[in-house]
Amino acid sequence: MAPPQRSPLRSPESISQAASTPTRRSLLAGVAALGALGAAGCSRVATASSTEGGDLLGRLRAAGVVRLGIAGEIPFGFIDKNGELTGEAPELAKVIFKRLGVDRVQPVPTEFGSLIPGLNSQQFDVVAAGMYVNPERCEQVIFSDPDYQMLDAFIVRKGNPKGLRNYKDVVEKKAKFATGTGYAEIQYAVEAGYKESDILIVPDQVAGLNAVEAGRVDVFAGTALTTREVVKKSSKAESTEPFAPLVDGKPHVDGGAFAFRPTETKLRDAFNVELRKLKKSGELFRILKPFGFTKAEMTDLTAKELCGG
């Protein structure tokens, strides 16, 4: 899930799979086991490059595999009930890297907050987790252009008894507020005037839904996609209408993208070329649609815009 200053952020299985998957905690355990096996069976792609623009793409082509950093988050990147890597970002990565001459992808699981440190310490080659692009992250990594854009939404009790529709409402009505670890929504709430120390931080949207249903909080904030999907089977909670959080007093739309090490501009640029082709042909939407994305979440935003120019 995502999001202006998630610290090294999120975000956000296909929809039918989501209903049958108990919690992200259990998913992470399965992902970790698979990742350990994958790491044991595949030699590490070489370390830093002294070539201007980087030579990682050439090395990946030679190895025939690219290691994807994922955070076990539905629907952005996760291991499904059959033990297969899937999600918005991995499925898109499979298509683009195939076009770039790299036939296989290998998942490397980690916590969301460890994605950027893991990338920069060579634990994997690319972050494929639907990570939001923001200026803070742009100081640490380089991003492809976004493959989707996203608004925020809340999980609230059925009927939305407190009438919570945006962060201002949360502050004015003194609602008990929760969001996820490393989520950009932390900063959005703080900017609206919510005290950061009063925010309940939970692992993900499943934990957020549980907190709302149990009455421990009045509201959980996440992406419009993850909140609307996680409440589908709930009899006690619902998702609010999507809205744009305010950043410096102006409505802000987030965009999720792939992250690369700052030295690997050649790989990032080649990735962008193929991404633009998928956008133009409409294939990008066909890849993302099974994971709950709508045409309203397709975007022409650029990483440069979201990085602050």
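This is a predicted model: local features need pLDDT of at least 70, side-chain atom pairs count only at pLDDT 80 or more; totals for chains, interfaces and linings use all residues.
**Notebook: backbone, disulfide and helix packing**

I began with P75, which I located in the loop between β1 (65-70) and β2 (78-79). Residues are numbered from 1 along each chain as its sequence is written, and side-chain values use heavy atoms, with hydrogens and water left out.

**Entry 1: backbone**

I looked up the peptide bond from I74 to P75 and found it cis, with omega near 5 degrees.

I then turned to positive phi values in residues other than glycine. N160 has phi near 45 degrees and lies in the loop between β8 (152-157) and α7 (167-172). D248 has phi near 55 degrees and sits in the loop between β13 (246-247) and β14 (250-251).

Is each residue buried or exposed? With a relative accessible area of 11%, N160 is buried; D248, at 67%, is exposed. Here buried means under 20% relative accessible area, exposed over 50%, and partly exposed in between (1.4 Å probe, protein chains only).

**Entry 2: disulfide**

I searched the whole structure for disulfides (pairs of cysteine sulfur atoms within 2.5 Å) and found one. This disulfide joins C138 to C307, with an S to S distance of 1.9 Å. C138 belongs to helix α6 (residues 135-138) and C307 to the segment after α13 (303-306), so the pair ties together parts 169 residues apart in sequence. The torsion about the S-S bond is about -70 degrees, and the disulfide is therefore left-handed. I recorded C307 as partly exposed, at 27% relative accessibility.

**Entry 3: helix packing**

How do helices α4 and α11 pack? I found that α4 (residues 88-99) and α11 (residues 265-281) pack at an angle of about 110 degrees, with their axes 10 Å apart. The axes are lines fitted to C-alpha atoms, for helices over the stretch in contact, and angles run from 0 to 180 degrees between N-to-C directions. The two helices are therefore roughly perpendicular, a term for angles of 65 to 115 degrees.

I listed the residues in contact (heavy atoms within 4.5 Å): L92, V95, I96, F97 and R99 of α4, and L267, F271, E274, L275, K277 and L278 of α11.

Technical notes:
Helices (H or I, at least four residues) and strands (E, at least two) are DSSP runs, numbered from the N terminus. Angles under 35 degrees count as roughly parallel, over 145 as roughly antiparallel, 65 to 115 as roughly perpendicular and the rest as oblique.
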